[in-house]
Amino acid sequence: MDTNLALLLLLAPLAGFLLNIFIGKKLSGNVSGILGSVAVAVSFAVTLKFFLQVNGGGEPINVNLFKWMTLANFDVNFAFQLDQLSLLWLMFVTGIGTLIHIYSISYMHGDENIHKYFGYLNLFVFFMITLVMGSNLLIMFIGWEGVGLCSYLLIGFWYKNHDFNDAAKKAFIMNRIGDLGFLIGIFIIGYLFHSVDYIDIKNAITSGNLDIDMTWLGIATLCLFIGACGKSAQIPLYTWLPDAMAGPTPVSALIHAATMVTAGIFMITRLNFLFDLTPDVQNIIAIVGAFTSLIAASIGLAQNDIKKVLAYSTVSQLGLMFLALGLGAYHVAVFHVITHAFFKACLFLGSGSVIHAMHGEQDMRYMGGLRKVMGVTFITFLISTLAISGLPPFSGFFSKDEILMTAFHHNKVLWVVGSIASIMTAFYMFRLLYLTFYKDFRGTEEQKKHLHESPSLITFPLIVLAILALVGGAISLPGHSWLNEYLSPILTNHIEHHELGTTAYMLMGIAIIGALIGIGIAYFKYIKQGFVPGKDEEITGFSKVLYNKFYVDEIYTAIIVKPIYALGAFFKNVTEVAFSGFIFGLGRLANALSTQGKVIQNGSIGFYLLVFVLGICSIIAYIFLK
Amino acid sequence: MDVSFILIILLFGAVATYFVGDKWASKAALIFSTCAFAATLYVIYRYNMGEKVSYLQTWMSRPRIVIGLQADGMSLLMLLLTTALTPIIVLTSFGNLFPKSRSFYALILFMAFAMAGTFLAVDGLLYYIFWELSLIPIYFIALIWGSGEAERRKKDVVKFFIYTFAGSLFMLVAFIYLYTKTGSFLNLHLYNAKLTDTEQLWIFLGFFLAYAIKIPIIPFHTWQANVYQKAPAAGTMLLSGIMLKMALYSIIRWQLPIAPKAAHDYKYIFIALCVAGVIYGSILALKQTNLKKLLAYSSLAHVGLIAAGAYTLTIDGLRGAFVQMIAHGFVVVGLFYAAEIISRRYKTEEIAEMGGIRIQSAKFASMFMILVMASVALPGTFNFIGEFELLYSLAQANIWLAVLGGTTIILGAFYMLRMFQQVMLGDKGTKVFKDVTFGEGFTFVLIIAVLLFFGLYPRPITDFVTPSLQKVLVYINQIN
C-alpha cells in the first residue's frame, strides 16, 4: 500500500506531463492548467499523509523497484526513500508547487503554448520529487539533471526571443559544469564506500571502523559541493540565475527561488555525515556561502529590474544557507530554506502580479504608487519583504537570526559578512517596495489606465504564502524547535543548542537594528528625497560597477568562452589542415614513388577489387606454398 | 537456426532487392532487413535458452581457415545493433527519390551483411575479408548517391577508401604474422599465442592503425567530416551508426586479448590519445557551420570516449563501451536523420540559414530535443548509462582522465544546445518547414523508445554482454 502511494506521489506529475504534452493541445488552456494543478495536488496530498505518518513516529518508507546499474565496485538500485528529510522537502515542493500551478492558470492565460507550459511545469515537479525521493546519489542525479532540463525548457519558454534562449542555454551549461563535479564526487564515493546508497554510506561511517582515505573523501565532498554550487547558484557558478529570470515569472518563483535552487542544500544536508568528516571542505563551503551572500546582495543594491533584484536576493539568501551548512548547522540551513521558500515565492508571485498589471513592464523606474490599486498584492508583498528583511515576528527573522547566531559562535568574520549582507538585503528590498508601490505612478498614461488588481487565482496563492511567510518561523522558535526534533534522526552530529542568554538577545537586537538601518536608509532616500534611479547611461562610479554586476559575465566571456572559440578556430584552421596535409602528403609520396600509386589514384573501383582479390590470393598462396 | 541464417537472409535480401527493380526495392529492403532483425531476436532467444547458435565449418585445411561464426554476448549484441538499425536506416531513405534505387538498397543490405559477418567471424582471415568487404558498398553509396559537387565528392570518398584500406593492411600483416606463429587464425588460438613484448607491441600497433582510422581516433580522423557530410544520409548512418563500431568492437575482440601485455604497458598513452580526441572533437564541433559536419565532430568526441573506456581494460570500461556503442548507434542515426529532414525541407545544410523550425513543427522540435538530450547523456537516456560507466572506468585509471573526458558533458551541452537554438528556435523566417510525416515520426519514435527504455532499464543489455566480457577480460589480464 505504501509502495503504491509512494509511486503515485512520484508519478502523478509525470502523468500530468504526458497528458498535457499529448492531448493538451486539444484542451482549452484552463483545462490544461487544472490538469496540471491536480496532478501536483495529488502528490501534495500523498506527501501530507506520509508526513503526518512519519512525524507521528512512523517508520520511513522505502521503495526498491529494481537494480538499475551494476559496476565493478557497486550496484545502483532504482530505489526511493521517504524519510524525515525527503518528506519535509516534498511538503514545500508539492505544496508551493500546487499554489504556483494554480497561479499560473491565470498568469499564463491566453498563451498559445499553455499546455506545454503546464506539461513542463509538471515534469519539473516530477524530477524534483525524484531528486528528493531517491535513495542513492544516482537517482538524485537523475532528478538533478532532469530539473536542469525543465529549467532550460521553461527559461526559454518564449523561444522566439533569442535573448531568452541564450539565458536558457547559459543556465544549462553552467549547471553542467557543476554536474561534472557531482559525477566525479559520485565516482569517488562509489569507489570508497562500494555503494552510493545514503543508508549504506551512513552505516559505514557510523559503524566506527571506517577505513578510507580521508584525502579522497575530502576531494569527493569538494566535488559534490561544486555540483551544489552549480545548482544553487554560488560563486563562481551563480551568473546563470539572474539571467534565468527570462522565464515566465511563476517559473522564477517555483524553480529559481523556492525549490530547484535549494537542491544543493538538500544534497549537502542529505550527506551531512560525509561533510562532517571533512572540516576543510566545510570551511570552504562557509566562506563561499558568506561571500556569495555579500557579493549578490551588493549587486542587488543597484538593479532596476524588479525580477533581477529578487534574483540576486535569492543568490544572496542561498549564500546564507551555505554559510550555515559550512558551519555544520544543517537544521538551520533547512529552516532558512523553508522560510525562504515561503517569502521568496510570495515575492516573485507578487512581482508577477505587478508585471501582469503593468503589461510586461519589469523596470521599477516606470512603476510607483501601485499600492493604491493593488491592495492585496501590496499587503502580501509587504509581509514578505518584512520577512526577508529579518524583522520579528516574521518567519525570516527567526531563520536568519539562527544563521547569524551560529556564525557568531564559530567565526566573527563570517558573522560580520553575513550581517552586512542582511543589512543590504533590508535596504534593497525596501528600495524595491518603495519604488514599486509608493509615491506616484511613473509609467505611461496608457499603462495607468489599465492598472488593476490581479484576479483571485493570482491573489489566493499570494495570501496563502504571505500567511506562511508571517507564521512560518513557528516551526523552529528559539528554545522550542519542532524542526530540530523532527530532523534529529537525519543528522548524525548532535544539534548545537544556543542558550537563550544575553548573547542571543544581544545578537537579535543587533540584527533588528541592522535591518532597521537598512530600511531607514531606503526610506530616507526613496520616500523622503523621492529619489528615482536615472537612466542607464546616467549611472556612474561604483553604482555603475554594481549595476553591471561587477562585470563578471564579461570576465567569464573573456577568460573562458573566447579562448575556447579561439582554440576551436586554431584547431579548425591549423591542426586540421596539418593532419589532413600530412596524410595527403603521405599519399603524394607514395604516388611519386611508384607508378602503381598513380594507377590506384585513378579511382577505378574495378581495379581496387582486382588488386584486393589478387592480394588475398597471393597471401593465401604464399602461406599455402611455404 | 544458427547465426549463419541471418547472414544468408541479408545476402539473399541484397540480391533479391536488386532484382525486384527500382519501384519495389525500398520495400523489399525493409522486409528483408526486418526479417533479419526478427531472426536475430530469435537467435538471441535460443542463445539465452542455452542452445548452440554458433556456426563452425572448416573452409580449407592449409592454410587453416575456418568459416566460423561465433555467437556470444558481445557478437550477438553487435549483430542486434546491425540488424536493428538497418531497417531504420532503410526507413529513413523512404523520403528520397534516388535514381537506380535498387542498387542503393541492395548495397545497404550487402553492407549490413558484411558488417554482421565482421562481428561474428571467429577466424581472423574471414574477419578480415568481411571487414574489407564492408568498405565496398559504402564506397559506392557515398560516391554515387552523395551530395555536393561530384569531383570534390569523388576526391573525398576515394581518400576515405584508400585511407581506411591502407590502415587495414597493417592489420592483415599482423594476422599473417600471427598465423606464422600459431598456425591458425582462430581467435582463441591467437589469444594464447605467447608473444614476446616486442611482438605484442607491433601487433598491437598494427591493429591500432586499422582501428584508429576506422573509428576514427585523432589524428587519423581527417577523412571523417567530409565523408559524413557528402555521403547520403543512409551512408552516413551506416558509417557512424554501425561501421565505426566494427573497429571499437574489434579492439575488445581482437586487439586487447591478442596483445594484452602491450595493452597494459601502453594503456595510458592510448587512453590519453582517445581522451584528447574527446576534447578536440568537442571544441571543433563548436566551430562548425555545417550541421552534418557538426554532428560528425560530435561523433568523433563520443567515440573517442568509447575507445578510451575500452583501453582502460576494466570491466566497467568494456561494458560501458558496449552500452555506448548501442546508444551512440541509435542516437547518431536519429540525429543525422533529423539533419537530413531539415536539409530536405530547407535545401541547405548551413546552420546560419536555418532557424524558426520549432514554431512550424512542434513535433519535430520535441523529437529532435530528446535526441539532443540523449546525445548529451541526460540521465534517463541510454547514453547516460554508457557515459557513466565509461567515465567511471576512466576515473579508476586516473581521476584526471575522468575530469578531462567528463568535459564532454559540458562541451557537448554547449555545442548541441547552441546548434539547437540556431537551427530550431527563433521566430518564423521565410522558409517553410512542412510538419513531419507519419513515416518520419514513426522512425523517430522507434529510436527514442529504444533510448528511453534502456535508459531506465539497461539490464537486458548489460546482463547479456557481461559474461562474455568477463571471459575476454581473463585473456586481457593474462600477462605473464
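The end C-alpha atoms of residues 68–118 of chain A lie 30 Å apart. This span is 57% helix and 22% strand. The model is predicted. An unreviewed UniProt entry places the feature "domain: NADH-Ubiquinone oxidoreductase (complex I) chain 5 N-terminal" at these residues, 68–118 of chain A.

## Helices 2 and 3 of chain A

Two packed helices are described by the angle between their axes and the distance between the axes. Take helix 2 (residues 29–55) and helix 3 (residues 84–107) of chain A. Their axes come within 8 Å and cross at roughly 155°. Angles over 145 degrees count as roughly antiparallel, so helix 2 of chain A is roughly antiparallel to helix 3 of chain A. The crossing of helix 2 of chain A past helix 3 of chain A is left-handed.

Which residues of helix 2 of chain A meet helix 3 of chain A? Among them are Asn30(A), Gly33(A), Val40(A), Phe44(A), Phe51(A) and Val54(A). On the side of helix 3 of chain A, the residues include Gln84(A), Leu87(A), Met91(A), Thr98(A), His101(A) and Ile105(A). By class, this contact of helix 2 with helix 3 of chain A has 11 nonpolar, 13 polar and no charged residues.

In chain A, residues 135–425 are 76% helix and 0% strand, and the end C-alpha atoms lie 37 Å apart. In chain B, residues 124–408 are 80% helix and 0% strand, with end C-alpha atoms 35 Å apart.

## The build of chain B

Chain B has 20 helices and 2 strands. Its C-alpha atoms fill a box of roughly 65 × 55 × 45 Å along the principal axes. How does its radius of gyration fit a compact globule of 480 residues? Such a globule would have a value near 23 Å; chain B has 21 Å, which agrees.

## Helix 17 of chain B and two partners

Helix 17 of chain B packs with helix 15 of chain B. The axes come within 8 Å and cross at roughly 150°. That angle makes helix 15 of chain B roughly antiparallel to helix 17 of chain B. Helix 15 of chain B passes helix 17 of chain B in a left-handed crossing. The contact includes Asp316(B), Arg319(B) and His328(B) of helix 15, and Glu387(B), Glu389(B) and Tyr392(B) of helix 17. Its residues divide into 8 nonpolar, 8 polar and 4 charged.

Helix 17 of chain B also packs with helix 19 (residues 438–456) of chain B, at an angle of about 50°. Their axes are 6 Å apart. At that angle, helix 17 of chain B is oblique to helix 19 of chain B. Phe382(B), Asn383(B), Phe384(B) and Ile385(B) in helix 17 meet Leu451(B), Phe454(B) and Gly455(B) in helix 19. By class, this contact has 5 nonpolar, 2 polar and no charged residues.

## Where the chains meet

The contact takes 48 residues from chain B and 44 residues from chain A. Several helices of chain B each supply at least two residues of the side that touches chain A, including helix 7 (150–182), helix 15 (315–346) and helix 17 (382–397). Which helix of chain B gives the most to this side? Helix 18 of chain B does, with 11 residues. By class, the side of chain B that touches chain A has 31 nonpolar, 7 polar and 10 charged residues.

Terms used: Residues numbered from 1 in each chain as written. Chains lettered and ligands numbered in written order. Predicted model: local features only at pLDDT ≥ 70, side-chain atom pairs only at ≥ 80, totals over all residues. Axes fitted to C-alpha atoms, helices over the stretch in contact; angles between N-to-C directions. Helix = DSSP H or I, 4+ residues; strand = E, 2+ residues; numbered from the N terminus. Parallel < 35°, antiparallel > 145°, perpendicular 65-115°, else oblique. Left-handed = near helix turned anticlockwise from the far one by under 90°. Contact = placed C-beta atoms within 7 Å. Nonpolar A, V, L, I, M, F, W, Y, C, P; charged D, E, K, R; others polar. UniProt positions renumbered as here; feature names shortened; annotations may be inferred. Rg over C-alpha atoms; globule rule 2.2 N^0.38 Å.
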